[in-house]
Amino acid sequence: MKDVVIVGAGLAGLSAAWRLRHWDTLVLEASDRVGGRIMSERRGQYWLNWGGHMFSGPGSSTDALLHEVGIDAGVLPGALAGIEMNGKFISKGSMAMFPFRLPMPFKARVDTLTGGIKLVAALLGKYINVVRTRPGESGAIRQQRIYDFDNNRTFRDFIGKLHPDAEALYATTVQRSTGSIDEISAGSGIGYFSLVLGIGQGLNRGIIGGPSTLTESMATALGNRIQLGARVSEVIHKSDSVVVRYTQGGKDYEVEAHTAILATTPDVTHKIAVDLPSDIRDALGQIKFGPHVSVAFLTDETGPRRWDNTYCVVAPKHTFSIMTNQASLIRGSESQRQPGGSIFAFAPGQSGAKLMEMDNEDIVQLAQKEIDKSLGQGFGESVVEGRAEKFAFGSPYCYPGRAKIQPTLMRGASRVFLAGDFLGTLYTETAITSGMTAAQNAASLLATRKQTLLA
């Protein structure tokens, strides 16, 4: 009998497995690779990236894990955000002033200003205190407070009716969540602007070599404890154990363990954990995800580009409305601009949903065309490699009423614990924190059992 079976080898599952590496563990992953929505590949000094890309800094679970695994992460240099809209590209100066430097009608400027005043008042008057870590409190208490903040209305209700150009500015930032301006809660939308403006949340680090450096390093250390191509069909409680049934290589298997961690997307967890308490199953069914369609480009330009000192560029009105400069860490450490670069673009939410049935090569061409228009300076001519990836479950988003189910999800079952980014609002940090929390709960149960046997 195993000590722990972990279902899912994404960031949450690997974080749990890493913390439980001194116990007898088995990790079952349905796909042929580890990492889940962490997905990058090295190309010389650069890397292509299709998934999670920003990480938390000092004092976070992410920082603790990186130090344990021996992975370096650097503060993303230069400006975190730039913008291209109505034919104008801006990457320097105060982000708060970007909208007023763009070509747009007078009514759009007025609406942008009105919305901006509301946002600044909410951010500085309330939100910054909501997200602030308080001495002695648990991460779960802080997360519940974040969910509770302005969770009874949509961001549309908060921001009001806007001129189409002004709405495009606000909607693009909010849509990073994969929820639209009419779907995401007001508090969550406000939280997205805190990320853009660098207030309160601290997701401002990148992993040297690409995000998969972390997941692959953990997987290598865990070795054959990880089984790929192992699709779990059922997880069942017994009186003092858990039975996990799965298929691998066309054969059916069954493994018994003292406890289990389900680090899968909510739809999978809902399907395989057949005897979870009904309120937990119901809560899992209420989690909402939106898709990501991502494209990564490797380029071979020989000289400087105007986005060199900018990490993220938003392009309202485009399908691929978010572009990130994955060469940012390289640019910040070099004394002389080296040839080449790497750009990661994604179409989240409703924009991504429209692309899910499109051929990947056509998606690459669309993304290249849009990025070439947004960034300019011959971007398209410098592309030497481009590849698209689709994530039907790209990111969970917080909708009005989401706060009510958080206590149920955090409770877990007697021997089955949940992990994943759907348990919080900080994406990679939530995945790691929830994996570590689930591991702690499992270890506590195992330690109690061991003490009982020795008594």
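Helix 14 (residues 360–375) has 16 residues, and its first and last C-alpha atoms sit 22 Å apart, close to the 22 Å expected at 1.5 Å a residue. That expected span is 1.5 Å times one less than the number of residues. Helices here are DSSP runs of H or I with at least four residues, strands are E runs of at least two, and both are numbered from the N terminus. This is a predicted model, where local features need pLDDT of at least 70 and side-chain atom pairs count only at pLDDT 80 or more, while totals for chains, interfaces and linings use all residues. Residues are numbered from 1 along each chain as its sequence is written, and side-chain values use heavy atoms, leaving out hydrogens and water.

Which residues of helix 14 are buried? They are Ile363, Val364, Ala367, Glu370, Ile371, Ser374 and Leu375. Buried means under 20% relative accessible area, exposed over 50%, and partly exposed in between (1.4 Å probe, protein chains only).

## The nonpolar cores

The largest nonpolar core has 37 residues, and Ile6, Leu20, Leu65, Leu214, Met218 and Ile261 touch the most other members. A core here is a set of buried Ala, Val, Leu, Ile, Met, Phe, Trp, Tyr and Cys residues joined through side-chain atoms within 4.5 Å. At least two residues each come from strand 1 (2–7), helix 1 (11–19), helix 2 (61–69), helix 9 (212–222) and helix 17 (428–454). Helix 17 is the top contributor, with nine residues.

Leaving aside neighbours within four places in sequence, Leu65 is in contact (heavy atoms within 4.5 Å) with Ser15, Trp18, Leu214, Met218, Ile432 and Met436. Another core, of 31 residues, lies apart from the largest one and includes Val7, Ala257, Ile287 and Tyr397.

## Two positive phi values

Asp150 isn't a glycine, yet its phi is positive, about 45 degrees. Asp150 sits in the loop between helix 5 (139–148) and helix 6 (155–159) and is partly exposed, with a relative accessible area of 22%.

Lys317 also has a positive phi, near 80 degrees. Lys317 belongs to the loop between strand 15 (310–314) and strand 16 (322–325), and is exposed at 52% relative accessible area.
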